[in-house]
Every structure is written in C-alpha cells, then in structure tokens.
Amino acid sequence: MATAGPTIRPLPRQRRRKGGLGWLSLAVAALFLVPVASVLFSLTRSGDGTWSHLVSTVLPEYLFNTAVLVAGVAVGVPVIGAGTAWLVTMCRFPGRRFFEWALILPLAVPAYVMAYAYTDFLQPAGPVQTLLREVTGLSYREYWFPEVRSLGGAVAMLVLVLYPYVYLLARTAFLDQSVCALDVSRTLGCGPWASFFRVALPLARPAIIAGTALALMETLADFGTVSFFGVPNFTTGIVRAWIAFGDRTTAGQLSSILLIFVFLVLLLETRSRGRAQFHHATNRYQRLPGRRLGGLAAAAAFLACLLPLVLGFLLPAIVLLAMAIEAGDSQFGTRYLELVANSVTLATLTALLAVGLATLMTYARRLEGTPAVQVANRLAAMGYAIPGTIIAVGVLVPFAAFDNTLDAWLRAHLGISSGLLLTGSVAALIFAYLVRFLAVSLNTIEAGLAKIRPSMDDAARALGARPLGMLARVHAPMMWPTLLTAGLMVFVDVMKELPATLVMRPFNFDTLAVQAHNFAADERLTEAATPALTIVAVGIPPVILLSRAIARGRPGRKGSAAVEAGTLAD
C-alpha cells in the first residue's frame, strides 16, 4: 500500500539562452520569410496595365473557380478520409488489413497524373465511351457523357488524391482514442453509429480538420490539374502572367490574393478549434475491440474502402501502365535517363538539406526552448501552406534583383559579368523547395525526437557529451527511422512538385514532372504516361512505410510510449 510522503519538488531550471543552434533557427526563419515578404511587397507596386486588364476580365472567374475547388474538396475529403479510417480501425471485415495501408496509396499519385490517366480513360476515343457506343449503337454526341476536363472533374481528381491526408490523421486519432469513452457511450444507450457520430467523431475533430486544411492548401497550390483541364484559377493566372506576359508585378499581386486565401484557410482551421482541448483521461489503454461485420454490412464496408482505392490508385496506375506499354515516351533512352537524373538529384539534395536543417532546428528547440526559437521554427514551417507558384515568384524577384545588382557592380568596377548567379542555377530552385517542404521534415523529426526521454540527455551530459556530440552519438542513432521517413517524404514531394519547377528551372533543365506536363499540354498523353508512372512508382514505398509507422504508434501497443509511461507510473 502506498504511503504519503514528503513532496519532492524539482529544482528550477536555469533560464535558457539562445546558443548557436538557436541563432540558426532564427536565421533560417528570417531567410524563409523573404519570399512571403517579396510577394506582399508587390501589392505596393504598379504594373504595366496587365493587372487592371485581369481585374476587369478574368479575376471574377479566378475567384469563383478557386472557391468551388475549395468547397468541393472541403466536403469530399473528410467524408472519404474519416469514413474509411473509422472502418479499418474499429470494424473487422474481409480485406481490412490490406486496406489499412492500401488506402494511403493515392497519396503517391500527383493530381495532374490522375488527370492525365482519367482523360485518356474517359475521352471519346477511350475504352469507356468506345464500349458505350458498341453496346448502345449510338454515335458520338448522340448520348450524354460527363466531361472530365471541367471544374467538376478537377474537384473529383483532387478529392481522390488528397483524401489520404484526412485518412492518415483521422486513423491516428481513432487509434489514440481510449476504449473507455466508447464503452461509456454504449452503456448510455448509444449504438455503433451513435457512438461514432457523438463520441469518436467529435474526439477526432481536430485531426480531421487539420487533414482537411492540408488538403485545402494543396488544392490552392495545384497547377497541373487545373491547367490541363482548362480551369482558370489563381495558380494558372500566376504562371500565365509570369511566363506568357512577363509581368512579375502582376504575378506577385495575384500571388498576394492567393496568399490571403491560404491565410484564411489557416485562420478557419485555428478558429474552428477555439479553446477546445482534447486530452486522454487515463494512461491505461486496452486493445481496440473492433466490431465484427458480416453479411451486407461487411460487403458495404469492403466496397466503401475499395471504391476510393480503385478510383484513386488502381485504375489510374493500370491506365498509365497500359499507355506506357502501348506507346510510351519516345525519348526513352539517354534523354529519359537525363530527366530521371535531374529529378532524383533535385529531390535528393533537397531531402538531405531539409532533414539536416530540420534536425538542427528541432534540436535547438529541445535544448534551448526559448520562445524566440519556438516561433522561428513555426515561421520556417509556414512555407508548406504556401503554393509553389507563390514561392517561385517570391524567390525569383529578390534573387533576380541580387543577380542584377551584383552584375552591375562587377561590370562597373571590374569589367566582368557574373551572369545569373542564383536565378540561372538550381540553387534558387532548391531554396524554393526547402521553403515549401521544410515543414514536412520538421514536423516528422519533432515527433520522433519527442519520444526520446529527457533523462537520456541528462545522462549524456553527465558523461561529458556536448550538444552536437550528443546529437550525433545518442539521438541520431535512436531516431534514424524517423530521419529516413522525413527524408523519403520530402523526396517524394519534390519529385511531384510541378509549378515551382516549371517557373524556376534553369534553361534546358527539365524533370519528370515537367516532361509529363509538357507532353500532356501537347495532348501527347501516351508519351506522358512514362514519366508519370515513374513518379508514382517512386512514391509508393514511403507511403507504405508511413502507414506501418502509424499502426505501430497505437497507445497500448507493446513498446509504445503510452505503455512505458503507464508501467513506470505503476
């Protein structure tokens, strides 16, 4: 029997000060905010008349199409993502274990690749309409068929690709929920559906809203799908103003409006939570019981999980494979190997730099934890909420100004020219990638480092280890799977990134994403299948790894942090 004893209060910690790692976090945050400041500064400048022309002609259409895309994704993504996450987590039916990881696979398919596949599949010369004409005996235009290259088609493509964001976070939230809360709801007379809508869904609401916000930000950032489907919105307008009109000021002003859309999404996500807080009332977790389904219920659950998987991954993958085999990229050879090398080089360099910076910044927060360092880390991670077109404009404007100023000074004083030192190389492109995707590695590494107990730090310090030595010899070996996962996720995101690459790539420097876009823009869909299929194949292993990591993270599972904490408490 436990007896009462004197309360032992921990000694107050010394006031933390910013060291070298803390200043690194501040410097990275300041540097990564340059693109945002550059875009917002464009609002104070006057263009050459293009802006007034856009306002009077296409700006209302941009606003309407962007609003419809956001509204459609905001409805479709949580319905599919949260619904399938609940089924595979809390129900038992044939194929459940397969769907647990397979439902994430659409995350490996870029939305523009999905658009290419469905256009070939549903076009008048495609297999669906050809079969329809053979069965009915009707000729083309004698029957009604939905047009995939439309605003509604763009919404459908984005929903099928982006629902895994909600699925991942919702499934994690359902796995983390205590069985006790569900049992209490059953004792109060709630059936399975009532428990889901009145208990499980409200508890998972923060995760579902966060996943939906991520999907909406990706919707605002999309360029390939809306461009290929001929749906004018802000991203297509930005690229058109930059490349077709050569008007940087107008591109920056359009980017500013789109940036306001992004901030509104973030504000709505924050305001929707309000002051509500969600905590576990116990550190004792039971095995999730799982309701075994049978008959029609099992068949309905199976179909509910199968449909988004087929439409979001299997069908596009099969179509792309068939197109690539039939008449793939005619440049498959030396030129194709060059494209693969360019894509892999950019993705690898960005992944290494992102993981390195994120590790140092996360470690600075762990060691110092000052408010300034915490704010700096959050500001540096804000780039993930900003579309690639905005980042491209925000990077190119100051970098071009630097190149021009340096070149003018060298010509005046030394008689030599520096040329396009930054904007003419991959340096600016990699910097844009880092601004866009640092948050992916930062959040992943923060979660992994948080699982290492502070007592490990104290023990290492007692043995004379310095901060960087402790990171290299203690923490890094313990969290290498997390570092690998963070690197793979950034690698895949860079492989898929299109708008920033399209705007910022050096001359005669193409990637798989650009090659697929160029083929599709020329209506050469069968040739676009080869680079598109390669991008999909590269993205499959990381998403499977991510699914397994989520399954191992269930509190109450042997070896999990929650179980260890509960054991120590006992």
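Guide: Buried means under 20% relative accessible area, exposed means over 50%, and partly exposed lies in between (1.4 Å probe, protein chains only). This is a predicted model, where local features need pLDDT of at least 70 and side-chain atom pairs pLDDT 80 or more, while totals for chains, interfaces and linings use all residues. Residues are numbered from 1 along each chain as its sequence is written, and side-chain values use heavy atoms, without hydrogens and water.

Visitor: Why is Glu-218 called buried?

Guide: Its relative accessible area is 17%. The limit is under 20%, so Glu-218 counts as buried.

Visitor: What makes Arg-436 and Glu-218 a salt bridge?

Guide: A salt bridge needs a side-chain nitrogen of Lys or Arg within 4 Å of a carboxyl oxygen of Asp or Glu. Here the closest N and O atoms are 3.5 Å apart, so the pair qualifies. The pair links distant parts of the chain. Arg-436 sits in helix α19 (residues 426-450) and Glu-218 in helix α11 (residues 205-221), 218 residues apart. Helices here are DSSP runs (H or I, at least four residues), numbered from the N terminus. Arg-436 has 4% relative accessibility and is therefore buried.

Visitor: How many salt bridges does the structure hold?

Guide: Four. Another one joins Arg-96 to Glu-100, with the closest N and O atoms 2.5 Å apart. Both residues lie in helix α5 (residues 96-102), four residues apart, about one turn of the helix. An α-helix has 3.6 residues a turn, so residues three or four places apart point the same way.

Visitor: Are Arg-96 and Glu-100 buried or exposed?

Guide: Buried: Arg-96 is at 10% and Glu-100 at 15%. Arg-96, Glu-100 and Arg-171 are also linked in a network of salt bridges.

Visitor: Which residues have the most contacts inside the largest nonpolar core?

Guide: Phe-93 and Met-504, in a core of 156 residues. Helix α8 (residues 151-176) gives the most to this core, with 17 residues. A nonpolar core is a set of buried Ala, Val, Leu, Ile, Met, Phe, Trp, Tyr and Cys residues joined through side-chain atoms within 4.5 Å. Contact means heavy atoms within 4.5 Å. Leaving aside neighbours within four places in sequence, Met-504 is in contact with residues including Ala-392, Val-395 and Leu-429.

Visitor: Why is α6 said to be largely enclosed by the rest of the structure?

Guide: Because ten of its twelve residues are buried. Among them are Ala-115, Tyr-116 and Thr-119.

Visitor: Which residues does Phe-228 touch?

Guide: Ala-115, Tyr-116, Thr-119, Arg-149, Ala-520 and Leu-525, not counting residues up to four places away in sequence. Phe-228 lies in helix α12 (residues 224-228). At 7% relative accessible area, Phe-228 falls under 20% and is therefore buried. The C-alpha atoms of Phe-228 and Glu-523 are separated by 9.3 Å, though the two residues are 295 residues apart along the chain.

How values were computed:
Helix = DSSP H or I, 4+ residues; strand = E, 2+ residues; numbered from the N terminus.
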